[in-house]
Amino acid sequence: MPRYLSIFLTPPEGLGCWPQPQLVQIALWHQRYTPLAAADAPDGLMLDVAGAAHLFGGEEAMMARIERDCRARGLSARTGLAPTPEAAWALARFGEDKARRLAPVMADDLLQQEKCIARAMVNLPMAALRLDQDTITALSQTGLKRIGDIIARPRAPLTARFGKSLFVRLDAMLGRAKSPISPQFEAPAYIAERRFTDGIVARDLIEATIHTLARDLAGMLERHDEGARRLIAALFRADGKVMHVECSTSRPLRDTRAIARLFHEKIDAAAQANESDPLDAGYGFDVIRLAVMHAEPLREQQARLPERQPDNGNRQPQEDLTLFLDRMSARYGADRVLRFAPNDSHIPEHAVIAAPAISDRRQEKLRQRPALLPKTHLPAYAIARPIRLLEKAEPVEAIATVPDGPPLRFRWRRVLHEVVAYEGPERIAPQWWKQEQEALTRDYFRIEDAQGHRFWLYREGLYVRETQRPRWFLHGLFG
Amino acid sequence: MIKSLKRPVLWVAEDFALTEQGAPYAPGLAAYGIPVSDFILIRTRSRLDLWRVMEEAIKSRAFAAIIGEPAALAGRDLPALIRRLTINARANTACAMLLRPPAQAGFLAPSPLRFEVSARPADATKQPTPSVLARPLPAPPAWSVRYRGAPGALEGLDPERPFQAHLSRTELLDEVSRMMIKERSGAALPVHISHAA
């Protein structure tokens, strides 16, 4: 049975409506009541509270609490609760104080629900249908001032005169047509939370709570044979600020210790930046919620016999690796823990892509493709590739006997190198199909200097055909 | 050794070190028997992060080799940090190497094994020359590996008498691996790289 709670927030003085960023912040704070909270511009919020009200002692108690909490934060709020968002919106703004909640009806009895809503809406003004001012004025001039005036009237003449929106709104209000809300934030797959009478500040206690919540989630995940791939811990501060700590994993996970350790790494990394208060706890967190945002199938595995090494328990190298990658990604960021995959490009710097090690879906896909770089042997062109590639090719001063010939000597980082042997050119043309207008052809040379250092140099631009002054760059080092 | 362990290779490097020396390039590394799929790179913002990642990687026992590349190796705490890595590497039978910038090659470190690796010039007379006027083709990359000694590191090797071996690219890793296997319990190796810097 759907239940929607609309919150009308009196706009700040001097403003006719709430600025959107502020409304989003308030919606974020209201996630403590339900994860499905949406900003309902210009002056309110819409919460999907189905299945959440009992946590606050029932719907009436929940509405009273939200209004009380808003008042405590200096917001003037009025709530309305109904089976449809439109009806809840109307009740929050135009309902009488004692009748701003429509009691739920028996499940699936849509006709009964419609009658119930219609009874509650019949005396509300036309503005409760969220119509524009011109339509309301036009309806008023014809004597149609309340919603009850149009419910039983023939639709065709009114639609012809006032447009379709009139009955679209009415149908949405009565539940004849669906009117879903768009939650501001992604809905989690699984959720577990703890509430505290007094806010908690101690980091140990926060981490212990996350561990406990992970245990709750593990039970849910186990029932569905699933494991978590992305988790978010939301920490609701007593003064309304919300902190989010997000962790991703490289494989479906429901090991509570591993999950707790991931969050420990993340919080520990934050502690490096701010030792005294890494989570900015302020007056303390009164709600801590752990949510699985993305889950994937995970079958229970047969327990393994211990390996030879006593310290290693019964874990396998692959398991050690994924745990390590997950932890490092949580601590330093997924963009710093990288794996490589071959890419369909002949441009050296694009021939390999570095992807986050934990986002293995793309990696697997790339690995399953006929690889450009097979594991066991090398393609012919890879033999002449350096072991290190400069992140950005560095310009060098080179002297060549002829403009399109190999270099005789070159200066890189203020050191002069005498070329004793060379191989090339290997001509690499720009990707003309990508319309890279400014890109020039490169002629690569494998160079050996008098000290035995091997370099990978290229000359950019074909002499006369592309440029009058080709430039030289050092791109890689062989050894 | 790397191939036989069937585990990935981890390269941990500070951002500045990668900017200065270049990032490991997978197609080139594949020539040394390290497949693209078995290579992991972790970029760290600071040296402290690098030590921490290396230590965690050693403890995880998930890698065939762990290569650390700080932007600079200096500081009073350096011997203690290297000693700590060494103890962990011994306890976990891990192969860990530290690459040191050429400018700091002279600094002594309390590591069980120390090598100095430098580029080896090819014998130009043995290289094929495309024409009479042209210069010869470059030889495949080769290195000189010099054992710099360390107290009680290797049986049968006198730390007072450094040896020098000329190795081709395919022999380099195997030679270092053989020495480490000889040492049996694994070790943290500061390897001094010198190239045109």
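## Salt bridges and polar contacts

In this predicted model, the side chains of Glu391(A) and Arg43(B) meet in a salt bridge at 2.9 Å, N to O. A salt bridge here is a side-chain nitrogen of Lys or Arg within 4 Å of a carboxyl oxygen of Asp or Glu. Five salt bridges are counted between chain A and chain B.

Polar contacts link 13 residue pairs across the two chains, both residues at pLDDT 80 or more. Such a contact is a pair of N or O atoms within 3.5 Å; within protein, one must be able to donate a hydrogen and the other to accept it, and residues adjacent in sequence count only if both atoms are side-chain atoms.

## Elements on the side of chain A

H11(A) gives the largest share of the side of chain A that touches chain B, nine residues. That side divides into 35 nonpolar, eight polar and 20 charged residues (Gly counts as polar).

## Extent of the interface

In all, 63 residues of chain A contact 59 residues of chain B (heavy atoms within 4.5 Å). The buried area is about 5300 Å², with 57% from carbon and sulfur atoms. Buried area is the accessible area (1.4 Å probe) that two parts lose on being put together, summed over both. In chain A, Arg336(A), Phe340(A) and Arg388(A) lose the most area to chain B, together 15% of what that side buries.

## Basis

Residues are numbered from 1 along each chain as its sequence is written, and chains are lettered from A in the order in which they are written. Local features need pLDDT of at least 70, side-chain atom pairs count only at pLDDT 80 or more, totals for chains, interfaces and linings use all residues, and side-chain values use heavy atoms, without hydrogens and water.

Conventions
Helix = DSSP H or I, 4+ residues; strand = E, 2+ residues; numbered from the N terminus.
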